[in-house]
Amino acid sequence: MAATDIKRYAELSVESADIRPHESTWQRVRRSGSVRLGGGVIALLILIAIAAPWLGTVDPTMFDAGSRDLVPGKTGEMMTDEGDLVKHTFWFGSDSLGRDIYSRVIYGTRVSLFVGLVTALVSLVIGILFGLVAGYIRWLDGMIMRVMDGIMAIPAILIAIALVAMWRASLTTVIIAIAIPEIPRVTRLVRSLVLTIREEPYVEAAISLGSSTPKIMFSHILPNTIAPLVVQGTFICASAILIESILSFLGVGLPPEIPTWGNIMAEGRIQFVSYPHNVFIPGVFLTITVLAVNILGDGLRDTLDPKMAKRL
Amino acid sequence: MTTPSRGSGPVLDVRDLTIALPSGGDRKEAVSEVSFSVERGEILCLVGESGSGKSVIAQAVMGLLPNTLPVTKGQMLLDGEDVAKVTTERLRQLRATRMSMVFQEPMTALNPVMRCGDQIDEVLREHTALGPAERRRKILDTVREVALPDPERIVQSYPHQLSGGQRQRIMIAMALVLEPALLIADEPTTALDVTTQAQILELIKNLQARHGMGVLFITHDFGVVAEIARRVAVLRLGRLVETGDKDAVLKRPRHDYTIMLMGAVPDLKPHGRPIAPDQPIVLQTKKLEKTYADRGWFSARRVVHAAADVSLEVRRGQTLGIVGESGSGKSTVARCIVRLIDPSGGEVFIHGEEIAHRSHRALRPLRRKVQIVFQDPYRSLNPRRTVGEAIIEGPVNYGLSRAEAFERARRLMDLVRMDAAALERYPHQFSGGQRQRICIARALAMEPELLIADEAVSALDVSVQAQVLELLEEIRERLNLAMLFITHDLRVAAQVCDHVAVMSQGRVVEYGPANEVFVSPQHAYTKALFAAAPGRDFAFGRA
């Protein structure tokens, strides 16, 4: 190697010296069909939720004894709070108290999406904190994980019922009740990711550069767990929407006057044989929402985390 | 279907082979119009740097290419029969009987839940009508032929019970049990230690001579080429640039690329640079020790000595090389010195200050003085942070303002010969060699007094390796750095080190000036290690 000529190496070497162009993750995500389909449907549902008052709805809690048990498409009358009698077409029919199911289903979108998103967010944030600590600070690992194992040993629905029974049934209670059983799952995922990432040379490099432990945890390890966590978040969101409906359906969720898809179905259950639309229509909305969230999750998993996609 | 004509002509004749790459790649074709042939009873080495398409050719011949890499043009004649055109069924018949392949990683190429004997037996059951007794005799014969001790026990073993070299011998036995006309060996010794590699190369040479088969041997290591090839074909970016007899290509290369490659192969003779005397000691270890203990509740305590009794010193402006095979403890020593792991015993002094047993808080001011560059350039940089952020992280941790740190980063990019624009980009936009330069810049940003290079050039292609070695050498000289250079590659060690410590099983077995250790090794292990270095007496690019 005596007569080395670095320029010559650089010219002939297979590795070119230019900086490569690249496709950003965001571009890749946007090209995915599943992300577009799932994301599109969810965007539409969010629009519906926001625009609920302007979509030809009436107050979803308003009832009129004269318009009970109408089949979809029938026109009836409703008394407003001001005492005016208005004509109203019941596109999805009405329930046994004379409430407009169309309005209730549209307003129910708000509750379902809100519960789904907030539950996902709450359980991710708490799970990430526990997972990072358990994975990086080894002496806390055993303690944290045994608690998590304990929570996982109790069926999710039972925890939810117990919490709602203990406190008052409210949106906050329901979200907490659904989030708690999800936290151990997130914690486990984050912990396992941290255990692999902490062995990466770039983390060791950060240690030898004198970076503090919180800095290593939050700016080196955490950003590299995001992709699988986003995917996990969508699945939590879907399951939270389902569990909220189950709780409402069982009568231990939100109070019955609040329009949620589960409440509408619970109310319609008794007359299911004569008026199946009471259960069927919110059921369709629920199915489409959960399906869309899951499709979005699958698409994100395929584009953000190709390794995980191959495993599944 | 035509019956293959045996006996005359080459075993494998590849003509104008062209294999397309999926769109969006860095070039249109993985392999472009490549023609070469493997004669009966010869070993042809297909050499090239990573991405040259050498493994793609091997997979094409075996019919193992994924659908995303279609053969668009050309023929691959195995005994006159074009394997690009045969049916899947015929291809299955041809594999193992007429051609077979040995892969790089013996750990994953064998099925972990099947006994080795059963894995060889599978080939026989699939392709022959032999009875159980005959098959068993043939398996034992083959295992004996690949020089495995105690064949009866070996065929009953599972892969994890065997060493890497033994597993590779089983792979070879599987490949040879039906006496194919063509053996394709895709980097079969790359994952092995140098002494094991020497044995496997010897084995392949002997078997080839005995059976008279043609061997297509794929490698990136020119030492191995010098050891085993009769003829050599050099690939660059999917194109064949030079073919010829070993001596012609390696000693009198004609193509510019081959000339450059041969110039980049490090010499096994030490550089013989004078060692400046009386420089202050930067790093000193005294009886450094690292043990791992298995503390089972019910089983007996098992203690593993990863490193024991390691006493070394490095002076300013000098390079100490630690050489050894995998598991010799050389990386353990490096990691103890950087305190990525805590030593179990002994002392480490940086400029006379003991650091082996300090608390992490007390260690912090001294961390700056010791920096490390790792082996894998693809994992050494956080993929989610820009190059600039990576380089300024250390200085900012020690109180430099971001603006000052960026100024230093720009100067360092110049020093490692990269464009300052790279600071804004993310690591995945750079090649392996560029990333390793970035890692060096990151380490230098701390203005260390000791730079540890832990196999820092091992993952790089030979031409890139030469550039990075040159760069490290220049930096050491310019900044008067002490360097600890850890490598398994004796050629690299000979070029870089002033002193050498040879490690084996956690202990330093020989330690002294590079000139002495390389020229007249004393310890039996060092002698064996040097004797095993492939192509040790071969003069690359010099005839």
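Two residues are in contact if their C-beta atoms, placed from the backbone, lie within 7 Å. By that rule, 27 residues of chain A are in contact with 48 residues of chain B.

This is a predicted model: local features need pLDDT of at least 70, side-chain atom pairs count only at pLDDT 80 or more, and totals for chains, interfaces and linings use all residues. Residues are numbered from 1 along each chain as its sequence is written, while chains are lettered from A and ligands numbered from 1 in the order in which they are written.

**Where the chains meet**

Helices (H or I, at least four residues) and strands (E, at least two) are DSSP runs, numbered from the N terminus. On the side of chain A that touches chain B, helix 1 (6-12) and helix 8 (201-208) of chain A each supply at least two residues. Helix 8 of chain A gives the most, with seven residues. By class, this side of chain A has 14 nonpolar, eight polar and five charged residues. Here Ala, Val, Leu, Ile, Met, Phe, Trp, Tyr, Cys and Pro count as nonpolar, Asp, Glu, Lys and Arg as charged, and the others, Gly among them, as polar.

**Confidence**

The model scores ipTM 0.81 and pTM 0.82. The predictor's confidence in each residue is pLDDT, from 0 to 100. Its mean over chain B is 88, and 96% of the residues of chain B reach 70 or more. Over residues 1-5 of chain B, pLDDT stays under 50.

Two strands pair if DSSP finds at least two bridges between them.

Take strand 19 (residues 499-504) of chain B. Six bridges join it to strand 20 of chain B, and the two run antiparallel. In this pair, His499(B) stands opposite Pro513(B).

Strand 6 and strand 7 of chain B run parallel, joined by four bridges. Val102(B) stands opposite Ala185(B) in strand 7 of chain B.

**Nonpolar cores**

A residue is buried if 20 or more other C-beta atoms lie within 10 Å of its own, exposed if 12 or fewer, and partly exposed in between. A nonpolar core is a set of buried Ala, Val, Leu, Ile, Met, Phe, Trp, Tyr and Cys residues joined through C-beta atoms within 7 Å. The largest has 214 residues, and those with the most contacts inside it are Leu182(B), Leu216(B) and Leu484(B). Helix 10 (residues 226-250) of chain A gives the most to this core, with eleven residues.

**Two positive phi values**

Most residues other than glycine have a negative phi. Glu187(B) has a positive phi near 50 degrees. Glu187(B) sits in the loop between strand 7 (182-186) and helix 8 (194-211) of chain B. Asp309(B), in strand 12 (residues 302-315) of chain B, has a positive phi of about 55 degrees. Asp309(B) counts as partly exposed because it has 15 C-beta neighbours inside 10 Å.
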